[in-house]
Amino acid sequence: MSTKKEQLGQAATQAQTALQNNQLDLAIQEYKKVLALDPNNVGAHANLGVAYYMSGSFKAAVEHFRIAIKSQPDLWKIIALLGMSEKQLGLNIQAETHLKEAFAHVQDKDLHTAVGKQMFILCMQAGKLIEAATVAGQLQAANPSDVDILYAAHRIYTELANSTLDRKS
């Protein structure tokens, strides 16, 4: 019979392998086993959140991401995914807070761009044109040939110009 430590290691390895192979149901099952053996395992909460996020179960993802960042508040990739999950659920105030935090810290270019695009959308929806322009400018600087970002920048600068002209008339 294996020890608790061996069971934990086996479940963690199987969970990670399943997640890497995009076997999300298996990953979720195995991360739940890890958490049954070690309920305070920050990595298991974070990765279970990732598996839920990837499967489109944003409410469950948010739950596990929040547990993970409560214990380790500098998990910037997890904070980014938390913000994107919250946005999917319509929790725009919380999403904006987490996306702003992540945007300032995430180093991964693709994730940084995804976070910035979500922030841009939230700012535009809230009528925060100056903030949207700032985000668009940062995205454009990091991705000068991304057509979607160029269009977003054009869109926001046109909106700002129209807004300025409307105030002058």
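This is a predicted model: local features need pLDDT of at least 70, side-chain atom pairs count only at pLDDT 80 or more; totals for chains, interfaces and linings use all residues.
Let us begin with E30, which is found in helix 2, the helix spanning residues 24-37. E30 is buried, its relative accessible area being 4%. Leaving aside residues up to four places away in sequence, the residues that E30 touches are A11, Q14 and A15.

I turn now to the salt bridges. The count comes to 6 salt bridges, and I shall discuss some of them.

Please look at K100. Which side chains does K100 meet in a salt bridge? One of them is E96, at 3.1 Å from N to O. Both K100 and E96 belong to helix 6, which covers residues 92-105. They are 4 residues apart, about one turn of the helix. As for accessibility, E96 counts as buried because its relative accessibility is 13%, and the limit for buried is under 20%. K100, by contrast, is partly exposed, with a relative accessible area of 36%.

The side chain of K100 also meets that of E131 in a salt bridge, again with a distance of 3.1 Å from N to O. This second pair links distant parts of the chain: K100 sits in helix 6, whereas E131 sits in helix 8, residues 129-142, and the two are 31 residues apart. E131 is partly exposed, at 31% relative accessibility.

These residues also belong to a wider arrangement. E96, K100, K128 and E131 are linked in a network of salt bridges.

The next salt bridge is formed by K117 with D146, whose closest N and O atoms are 3.7 Å apart.

The crossing in which helix 7 passes helix 9 is left-handed. On the helix 7 side, the residues in contact are T113, K117, F120 and M124. On the helix 9 side, they meet D148, I149, A152, R155, I156 and E159.

Finally, I come to the aromatic side chains. A pair of aromatic rings is described by the distance of the centres and the angle of the planes. The count here comes to 1 aromatic pair. The rings are those of Y53 and F58, with their centres 5.5 Å apart and their planes at 75°, so the pair is edge-to-face. The reasoning rests on the cut-off for that class, which is over 60 degrees. Is Y53 buried or partly exposed? Its relative accessible area is 23%, and Y53 is accordingly partly exposed.

Terms used. Residues are numbered from 1 along each chain as its sequence is written. Side-chain values use heavy atoms; hydrogens and water are left out. Rings of Phe, Tyr and Trp (its six-membered ring) pair if their centres lie within 6.5 Å; planes under 30 degrees apart count as stacked, over 60 as edge-to-face and the rest as tilted. Buried means under 20% relative accessible area, exposed over 50%, partly exposed in between (1.4 Å probe, protein chains only). A salt bridge is a side-chain nitrogen of Lys or Arg within 4 Å of a carboxyl oxygen of Asp or Glu. A crossing is left-handed if the near helix is turned anticlockwise from the far one by less than a right angle, and right-handed if clockwise. Contact means heavy atoms within 4.5 Å.
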